[in-house]
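Opening the notebook on this one. I'll jot down what I look up as I go.

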Amino acid sequence: MTGSSKPETIVLHAGYRADPATGSVAVPLYQTTSYQFRDTQHAADLFALKELGNIYTRLMNPTNDVLEQRITALEGGAAAVAVGSGQAASTFAVLNIAQAGDNIVSSTDLYGGTWNLFANTFKQMGIEVRFADPSDPENFRRLTDDKTRAYYAETLPNPKLHVFPIREVANIGDELGVPVIMDNTAAPVLCRPIDHGATIVIYSTTKFIAGHGTSVGGIVIDSGRFDWEKHAKRFPLLNEPDPSYHGAVWTQAVKPIGPVAYAIKLRCTLLRDVGAAASPFNSFQTIQGMETLPLRMERHCENSTKVADFLSSHPKVTKVIYPGKQDGESRRRADTYLKGGYGSLMGFELAGGKAAGEKFINSLGLFYHVANIGDTRSLAIHPATTTHSQLSEQDRISSGVTDGYVRLSIGIEHIDDILADLKQALDKA
Ligand SMILES: *Cc1c(COP(=O)(O)O)cnc(C)c1O
């Protein structure tokens, strides 16, 4: 049952089998906040981490727990913590090991929300983010010093869609004692970053994992494979007594449970104190969506390949940005790290520039015009006039968003209908 390593089986079975209280087959929604202790000893043991169990939903919840176990199994990790959004996941993933005076080295190819978090909010908190161009993995080594607490990147980042060199950077991290945090939001099932040396994986489950445009959520997965004690100097937050938890040293306190000091500390301190907990209702919806994730990814990829082929041969399209259409080193990375397809995100450039981009978007009938990705429905946006309109022209162009650039997230509708909508909108652009 849950021992399977196959994603199609994991998403249906891992972490749950029939509710012990009712026999329910589908995972129940525990829309509940607090859980009765058996007696005072039980309560004391829970608070002392001698026993793991439900106390209060800000810390853990039975529905969130199934989602955590399921994604842990899917990623080949050791433990996971569900949180309120993808933004909360990236924030906690870093704050769990970095404090004022520390730095992290991040890829320049980032989701806009993460860019703002790193360049502004973390800076205000005293955490420096050094940005490395991932086309040369050695850039990560060059920016590393004694205060570097993590490397951070996205597997399949918008809008350039150049797959990140996970193993290459993880090897540098292994040499220097720096863990890699991967945001795998755009490539679930297609890539398991832990298999390529990543220490921590995060998701915005809002996108492909929940998949149906109904629930915001995030999750942090701990691989359990990083030796925090060996690099004790670099990670005082995990190796020195924590005054907020009766002087516990997380790497020691968690040993009887397993190699999950990072995950347990995140839950017991950041989730406790900052409180960006996952909503059980959203986790229930996310579990439901996740049951078809491998099937959906298959169809997303199949449709996207056909759309990329169609756009490549269209006279009004000057360029198609899709991993399956790249060559050289970018294509090698895509083929190394993505299995079973190249994802559903795609960009293309219109010969007619900004005016054509706007005309195209306004002519779409099936595609939704939204700032989102990973929905079952096909989505489109013209970044130059929306998501990237606040950037200077130079910054916008260097981020890969030219005037005529259109971003697509290809859905799972019938391919004939997707192509027909694109065709009629291109005719008008
Ligand atoms: C959407 C997104 C996020 C942020 O997730 P939210 O759930 O919206 O907070 C982070 N990273 C990537 C790659 C995303 O697409």
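This is a predicted model: local features need pLDDT of at least 70, side-chain atom pairs count only at pLDDT 80 or more; totals for chains, interfaces and linings use all residues.

I started with the join between strand 6 and strand 7: the two run antiparallel, and five bridges hold the pairing. Background reminder to myself: strands of a sheet pair through backbone hydrogen bonds, in either a parallel or an antiparallel way.

Next, which order do the strands of the open sheet take? I get seven strands in the order 1-7-6-5-4-2-3, with mixed pairing. Strand 1 (79-83) and strand 3 (128-132) are the edge strands, each pairing on one side only. I also noted the twist, which averages 20° from one strand to the next.

Then I checked what helix 10 (residues 261-274) does here. Helix 10 packs on the sheet and touches strand 1, strand 6 and strand 7. Its direction makes about 25° with that of strand 1.

**Lys207**

The unreviewed entry carries the annotation "modified residue: N6-(pyridoxal phosphate)lysine", and it covers Lys207. I take that as the record's word, since annotations may be inferred rather than shown by experiment.

Where does Lys207 sit? I find Lys207 in the loop between strand 6 (200-204) and strand 7 (218-222), so I was back at the pair I began with.

Buried or exposed for Lys207? Lys207 is buried, because its relative accessible area is 12% and the cut-off for buried is under 20%.

I listed its contacts, leaving aside neighbours within four places in sequence: Tyr111, Thr185, Asn372, Ile373 and Gly374. The charged end of Lys207 sits over the ring of Tyr111, 5.0 Å from its centre.

**Aromatics**

I counted ring pairs next and came to 13 aromatic pairs. I opened up Phe226 and Trp228: their ring centres are 4.5 Å apart and their planes are at 50°, so I logged the pair as tilted. Phe226 is buried at 12% relative accessible area, and Trp228 is buried too, at 6% relative accessibility. I then traced the cluster around them, and Phe226, Trp228, Phe235 and Tyr262 form one aromatic cluster.

How many residues of helix 4 (residues 86-95) are buried? I get nine of its 10, so I wrote the helix down as mostly covered. The buried set is Gly86, Ala88, Ala89, Ser90, Thr91, Phe92, Ala93, Val94 and Leu95.

In helix 5 (residues 112-124) I picked out Ala119. Ala119 counts as partly exposed, at 22% relative accessibility. With buried set at under 20%, that call follows from the cut-off. I also took the distance from Ala119 to Phe131: their C-alpha atoms are separated by 9.3 Å, with the two residues 12 apart along the chain.

Which peptide bond is cis? I found the one from Asn158 to Pro159, with omega near -15°. Pro159 lies in the loop between strand 4 (148-154) and helix 7 (166-176).

Ala18 is found in the loop between helix 1 (7-13) and helix 2 (40-47), and Ala18 is partly exposed at 36% relative accessibility. His246 is in the loop between helix 8 (236-239) and helix 9. His246 counts as exposed, because its relative accessible area is 64% and exposed means over 50%.

**Last stop, Pro256**

I finished in the loop between helix 9 (250-253) and helix 10, where Pro256 lies. Pro256 is exposed, at 74% relative accessibility. How far apart are the C-alpha atoms of Pro256 and Lys50? I get 8.8 Å, for two residues that are 206 apart along the chain.

Methods
Residues are numbered from 1 along each chain as its sequence is written. Side-chain values use heavy atoms; hydrogens and water are left out. Helices (H or I, at least four residues) and strands (E, at least two) are DSSP runs, numbered from the N terminus. Buried means under 20% relative accessible area, exposed over 50%, partly exposed in between (1.4 Å probe, protein chains only). Contact means heavy atoms within 4.5 Å. Two strands pair if DSSP finds at least two bridges between them. Axes are lines fitted to C-alpha atoms, for helices over the stretch in contact, and angles run from 0 to 180 degrees between N-to-C directions. Rings of Phe, Tyr and Trp (its six-membered ring) pair if their centres lie within 6.5 Å; planes under 30 degrees apart count as stacked, over 60 as edge-to-face and the rest as tilted. A charge sits over a ring if NZ of Lys or CZ of Arg is within 6 Å of the ring centre and within 35 degrees of the ring normal.
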